[in-house]
Amino acid sequence: MNISAKALIANQLGKAVLSSDGVLPILHDINFAVNHGESVAITGASGSGKSTLLGLMAGLDLPSSGHISLMGQNLNELDEDGRAKLRGTHVGFVFQSFQLLSHLTALENVALPAQMQGLQNAIPEAQACLEKVGLESRFSHFPKTLSGGEQQRVALARAFICKPKILFADEPTGSLDEVSGKRVIDLLFDLNQANQSTLILVTHDPALAGRCQRQIHLQGGRLA
């Protein structure tokens, strides 16, 4: 397999945690690869290991066995700082709970990743990103004054400001109503296509999964 042609490779991936009853296996022998520019949905019932897999793919946690190759880098070979640097360079995130900073305005929330990367034009870029998601009138608004759909659109703008090579999304429409969810889905795929990013998302939503080029279904911690 040509690693350079793949955005992500999961190789014999396993994850287990210690519990009061002993070792609890969560993921078993997971193998798949994702091409650059591909959109992939991770689906499965609650407790099937979807969010655990997402965390491993993003280098937020390390596997008990096997490894993840992200943008050609074996995450097992990097320390925590190295994985954080890789994420900062290549990765964007969208979460169900938005994870906006309450003390920052919409504009400041979006600009923050670019400022952390040292980009000089962070504020103009943040303004442009918010305009793309239809929030040009919300620059100075704090998260608590925005609807759930508006907060998720701010989170989308923040995720794309550094033009990530790969975007991870964890139930991005899970806390939204149907109308807001559909708008966020449309924006997510429009932005992803415009940036030619790789998209890997976890979802219970069949409509959202169906928009992806491929689905990977987990059942009891295994590929079904």
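Helices (H or I, at least four residues) and strands (E, at least two) are DSSP runs, numbered from the N terminus. What you're looking at is a predicted model, where local features need pLDDT of at least 70 and side-chain atom pairs count only at pLDDT 80 or more, while totals for chains, interfaces and linings use all residues. Residues are numbered from 1 along each chain as its sequence is written, and side-chain values use heavy atoms, with hydrogens and water left out.

**Figure 1. The whole protein, before we zoom in.** There are seven helices and ten strands here. The C-alpha trace spans about 50 × 35 × 35 Å along its principal axes. A compact globule of 224 residues would have a radius of gyration near 17 Å, and the protein agrees, at 17 Å. (That radius is taken over C-alpha atoms, and the globule rule is 2.2 Å times the number of residues to the power 0.38.) Of the 224 residues, 47% count as buried; buried means under 20% relative accessible area, exposed over 50%, and partly exposed in between, with a 1.4 Å probe and protein chains only. Contact means heavy atoms within 4.5 Å. Among contacts with a separation of 6 or more, 70% come from residues 24 or more positions apart.

**Figure 2. Two nonpolar cores.** A nonpolar core is a set of buried Ala, Val, Leu, Ile, Met, Phe, Trp, Tyr and Cys residues joined through side-chain atoms within 4.5 Å. The largest one has 38 residues, and Val110, Leu130, Val154, Leu156 and Leu201 have the most contacts inside it. At least two of its residues come from each of α3 (106-116), α4, α5, β7, α6, β8 (198-202) and α7 (206-211). Skipping neighbours within four places in sequence, leucine 130 is in contact with Ala106, Leu107, Val110, Leu135, Glu136, Phe139, Val154 and Ala157. A second, separate core has 27 residues, including Ile42, Leu56, Leu70 and Leu86. As a general point, nonpolar side chains in soluble globular proteins tend to be buried together.

**Figure 3. Helices α5 and α6 side by side.** How far apart are the axes of α5 and α6? For α5 (residues 148-160) and α6 (residues 178-195) the distance is 10 Å, and the two pack at an angle of about 10°. That makes α5 roughly parallel to α6. Axes are lines fitted to C-alpha atoms, for helices over the stretch in contact, and angles run from 0 to 180 degrees between N-to-C directions. Angles under 35 degrees count as roughly parallel, over 145 as roughly antiparallel, 65 to 115 as roughly perpendicular and the rest as oblique. On the α5 side, the contact is made by Gly149, Gln152, Arg153, Leu156 and Phe160. The α6 side brings Ser180, Arg183, Val184, Leu187, Leu188, Leu191, Asn192 and Asn195. Together the residues of this contact divide into six nonpolar, five polar and two charged. Here Ala, Val, Leu, Ile, Met, Phe, Trp, Tyr, Cys and Pro count as nonpolar, Asp, Glu, Lys and Arg as charged, and the others, Gly among them, as polar.

**Figure 4. Alanine 126 in helix α4.** You'll find alanine 126 in α4 (residues 122-132). Its relative accessibility is 0%, so alanine 126 counts as buried. Leaving out neighbours within four places in sequence, alanine 126 is in contact with Leu107, Val110, Ala111 and Ile161.

Figure 5. Threonine 173 is in the loop between β7 (166-170) and α6, while glycine 181 is in α6 itself. Are these two buried or exposed? Threonine 173 counts as buried at 9% relative accessibility, and glycine 181 counts as buried at 5%. Not counting residues up to four places away in sequence, threonine 173 touches Gly181, Val184, Ile185, Asp205 and Leu208. With that same exclusion, glycine 181 touches Thr173 and Leu176.

**Figure 6. Helix α1 and what follows.** Six of the eight residues of α1 (residues 50-57) are buried, so the helix is largely enclosed by the rest of the structure. The buried ones are Lys50, Leu53, Leu54, Gly55, Leu56 and Met57. After α1 comes glycine 59, with a positive phi near 75°.

**Figure 7. Two loop residues with positive phi.** Most residues other than glycine have a negative phi. Glutamine 99, in the loop between β6 (91-95) and α3, has a positive phi near 55°. Lysine 163, in the loop between α5 and β7, has a positive phi of about 50°. Glutamine 99 counts as partly exposed at 46% relative accessibility, and lysine 163 is partly exposed with a relative accessible area of 48%.
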